[in-house]
Amino acid sequence: MKAIRIDGKTPGGDRTKLSKVIPLETPYMVQLFPVYGCNFKCNYCIHSVPLKGRGYISEETYMDFDIYKKIIDDLSEFPQRIKMLRFAGTGEPLLHRDIAEMVEYAVKKQVADSIDIVTNGSLLTKELSRKIIKANLPRLRISIQGINSLEYKKTIGTNFDFDKFIENLTYFYENKGETQIYIKIIDCALQKDEENRFFEIFGNICDTIAIEHLLPAVSQIDYTTISNSSTKLAQNGGNVQDVEVCPQPFYLMQINPEGNVVPCCAMETVDVAGNCKEDTLYNIWNGKKYNDFRKTQLAKQKEIYSVCSKCKQYKYAMFSEDILDNDAERLLNLFK
């Protein structure tokens, strides 16, 4: 196997101890949510929940390219470059017809140390692969849903041509240029004794590879029926952190398709801190509404937000460097 296993680590590398550096003038990560839609209905994802039962997520399906350009231009106003611009969110980024042009514009503007696309990879035709590679994408993250067509169908709810998928991934890998490819699968998508087969199939068509653990991100889904109660582990394989303060609003902003800026990447929109069509990202990040949300987290009163009150996602996605509970009172004074 050519790929390096990075189980338990983030593709972006080592993390900074958050309590020592916040408040941040510049977010570490900006998550671009370009498409509210997906060609899969994975049984662990919000897209398997009927639309009426999802709660508020976004008013638009696709992000307008002019809005996107303003976002990238706004990022240039921060004192430092952000560490990561990530195309992700509650949907499949490759569904956006301008995804390659989006990457190209961000790379040209040099607004981030890394630019990542998080994708199921199923739409990576050879033509699209050539466009993305030509745009000089730094990192492609591909989420695998099984090791054959039958297992894929059980997870995604539709037929899937697994052999064609492998052919397209192999083409991307063989022509990738400087793009780094990260492939991961969650444990519930692997049957017993399939781990070695996963590495045999994918270990030679990516640079890094990992098995992650199921993250129970959607309150409307009973994950015990999917994982056989294996959600006792965090996404990185460690123990679930028993913490109260969500760290995401202190280092991350997500921008939804209509331009709404939200303080976390929960599967439902918890709060809107502003809209990038109406204000700059710098002003929103450092503004009163964002800081009020942060203060609520540090005061351990997140239950006043209905989405926060039921959210477990941050606990399962937490790394030890992100824990703020013991420093909450000191940090709250800084934000006051």
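The largest cavity in this predicted model has a volume of about 130 Å³. A cavity here is a set of points on a 1 Å grid over the protein atoms alone, where a 1.4 Å probe fits but cannot get out. Its volume is the space filled by probe spheres set on the points, which are joined across faces, edges and corners. Because this is a predicted model, local features need pLDDT of at least 70 and side-chain atom pairs count only at pLDDT 80 or more, while totals for chains, interfaces and linings use all residues. Residues are numbered from 1 along each chain as its sequence is written, and side-chain values use heavy atoms, with hydrogens and water left out.

What lines the largest cavity? There are 14 lining residues, and Cys 246, Cys 264, Cys 308, Cys 311 and Tyr 314 lie nearest the centre. A lining residue has an atom within 4 Å of a point. Helix H10 (288–298), helix H11 (306–310) and helix H12 (313–316) each give at least two residues to this lining. Helices (H or I, at least four residues) and strands (E, at least two) are DSSP runs, numbered from the N terminus. By class, the lining has ten nonpolar residues, three polar and one charged. Ala, Val, Leu, Ile, Met, Phe, Trp, Tyr, Cys and Pro count as nonpolar; Asp, Glu, Lys and Arg count as charged; the others, Gly among them, are polar.

The structure holds two cavities of 30 Å³ or more. Among the residues that line it are Phe 33, Gln 254, Cys 264 and Glu 268. This lining has seven nonpolar, four polar and one charged residues.

Now turn to the sheet. Ten strands form an open sheet with mixed pairing, in the order S1-S7-S6-S5-S4-S3-S2-S8-S9-S10. Strand S1 (4–5) and strand S10 (274–275) stand at the edges; each has a single partner strand, so one side of each is left without a neighbour in the sheet. Two strands pair if DSSP finds at least two bridges between them.

Strand S4 (residues 112–119) and strand S5 (residues 139–144) pair in the parallel sense over four bridges. Asp 116 stands opposite Arg 139 in S5. Helix H5 (residues 162–174) packs on the sheet and touches S5 and strand S6 (180–186). Contact means heavy atoms within 4.5 Å. The direction of H5 makes about 160 degrees with that of S5. Such angles run from 0 to 180 degrees between N-to-C directions, along lines fitted to C-alpha atoms, for helices over the stretch in contact.

Is strand S2 (residues 29–32) covered on both faces, or where is it open? Both faces of S2 are covered: Met 29 and Gln 31 on one side, and Val 30 and Leu 32 on the other, are all buried. Buried means under 20% relative accessible area, exposed over 50%, and partly exposed in between (1.4 Å probe, protein chains only). S2 and strand S3 (residues 82–87) pair in the parallel sense over four bridges. Leu 32 stands opposite Phe 87 in S3.

Some backbone details remain. Most residues other than glycine have a negative phi, and most peptide bonds are trans. A cis peptide bond joins Ile 22 and Pro 23, with omega about 5 degrees. Pro 23 is in the loop between S1 and S2. Gln 110 is not a glycine, yet has a positive phi of about 55 degrees. Gln 110 sits in the loop between helix H2 (99–109) and S4, and is exposed because its relative accessible area is 55%.

Key. On a 1 Å grid over the protein atoms alone, a cavity is a set of points where a 1.4 Å probe fits but cannot get out, and a pocket is an open set with protein on both sides within 12 Å along at least five of seven lines; lining residues have an atom within 4 Å of a point.
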